[in-house]
Amino acid sequence: FLAFLVLRTRRLRNGWREGRVGDQVVLLSEDWGPAVVGFLRPEVVLPRWCEDVDEKALRLILDHELEHIRAGDPRLLVLAGLLPVLFPWHVAVWWQWGRLRAAVEADCDLRVLRRHPGETRSYIDLLLDVGRRLSAPRPLAAMLSEPYATLKRRIRIMTMPTPNRPW
């Protein structure tokens, strides 16, 4: 399954073209993304519809994907994704892998909001918009949008009050 995903992503990547968003080189696809793909050299993939969104939303999308690259999330997800492959019968491993994916996305959201204070509402609206446009989940890609339950959890985490004096 893992080899299939790698080969499929490589085949898809051949159909993507390089483009520029601001000062950032990205891959542009018909409908795949926004996401980060690649293990050794992660790259941002943006779908064609991103060319039509306003500059502020595009900056949030790009910052989200670049945060994944800065934090090394694609490598973490691929390496952690090996455990369910090695132990496919182990339900707890699959459960933990799903929780890790959700935690990676929530952590990335918080890093993006730290870079863009006061943009929480527009960022949540963007997540919902991207979620509506998402054609299908991508198993081993760090993405801006995820399934509804995960998205709901991410929004809850983003809108939780921050304690005044945390430990």
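How many helices and strands are there in the chain?

## Overall architecture

The chain holds six helices and five strands, where helices (H or I, at least four residues) and strands (E, at least two) are DSSP runs numbered from the N terminus. Along the sequence these elements follow the pattern α-β-β-β-β-α-α-α-α-β-α. This is a predicted model, in which local features need pLDDT of at least 70 and side-chain atom pairs count only at pLDDT 80 or more, while totals for chains, interfaces and linings use all residues. Residues are numbered from 1 along each chain as its sequence is written, and side-chain values use heavy atoms, with hydrogens and water left out.

Of the 167 residues of the chain, 43% count as buried; here buried means under 20% relative accessible area, exposed means over 50%, and partly exposed lies in between (1.4 Å probe, protein chains only).

E67, which counts as buried at 7% relative accessibility, forms one of them with R70, the closest N and O atoms being 2.9 Å apart. Both E67 and R70 belong to helix α2 (residues 55–71), where they are three residues apart, about one turn of the helix. E67 also forms a salt bridge with R111, again with the closest N and O atoms 2.9 Å apart. Because E67 lies in helix α2 and R111 in helix α4, this pair ties together parts that are 44 residues apart in sequence. R111 counts as buried, its relative accessibility being 14%. E67, R70 and R111 are linked with D73, D107 and R115 in a network of salt bridges.

The side chains of D109 and R154 also meet in a salt bridge, with an N to O distance of 2.6 Å. Since D109 lies in helix α4 and R154 in helix α6 (residues 148–159), the pair ties together parts that are 45 residues apart in sequence. Both D109 and R154 are buried.

Which side chain does the side chain of E105 meet in a polar contact? The partner is the side chain of H68, at 3.2 Å, where a polar contact is a pair of N or O atoms within 3.5 Å; within protein, one atom must be able to donate a hydrogen and the other to accept it, and residues adjacent in sequence count only if both atoms are side-chain atoms. E105 lies in helix α4 (residues 91–115) and is buried, with a relative accessible area of 2%.

## Aromatic pairs

A pair of aromatic rings is described by the distance of the centres and the angle of the planes. Rings of Phe, Tyr and Trp (its six-membered ring) pair if their centres lie within 6.5 Å, and planes under 30 degrees apart count as stacked, over 60 as edge-to-face and the rest as tilted. A search of the whole structure finds three aromatic pairs. In one of them, the rings of F87 and W89 have their centres 5.7 Å apart and their planes at 80°, so the pair is edge-to-face. F87 counts as partly exposed at 36% relative accessibility, whereas W89 is exposed, with a relative accessible area of 61%.

W94 and W97 form an aromatic pair that is edge-to-face, with 6.2 Å from centre to centre and 85° between the planes. Both W94 and W97 lie in helix α4, three residues apart, about one turn of the helix. W94 counts as partly exposed at 39% relative accessibility, while W97 counts as buried at 14%. The charged end of R101 sits over the ring of W97, 5.6 Å from its centre; the criterion is that NZ of Lys or CZ of Arg is within 6 Å of the ring centre and within 35 degrees of the ring normal.

## A nonpolar surface patch

F39, L40, L79, L82, L83, L86, F87 and W89 make a nonpolar surface patch of about 830 Å². Patches are made of residues with over 30% relative accessible area and no salt bridge, like charges being joined within 9 Å and nonpolar side chains (Val, Leu, Ile, Met, Phe, Trp, Tyr) within 5 Å. Accessible areas come from the Shrake-Rupley method with a 1.4 Å probe, and for residues only the protein chains shown count as cover. L83 has its place in helix α3 (residues 73–86) and counts as partly exposed, at 42% relative accessibility.

Definitions and conventions. A salt bridge is a side-chain nitrogen of Lys or Arg within 4 Å of a carboxyl oxygen of Asp or Glu.
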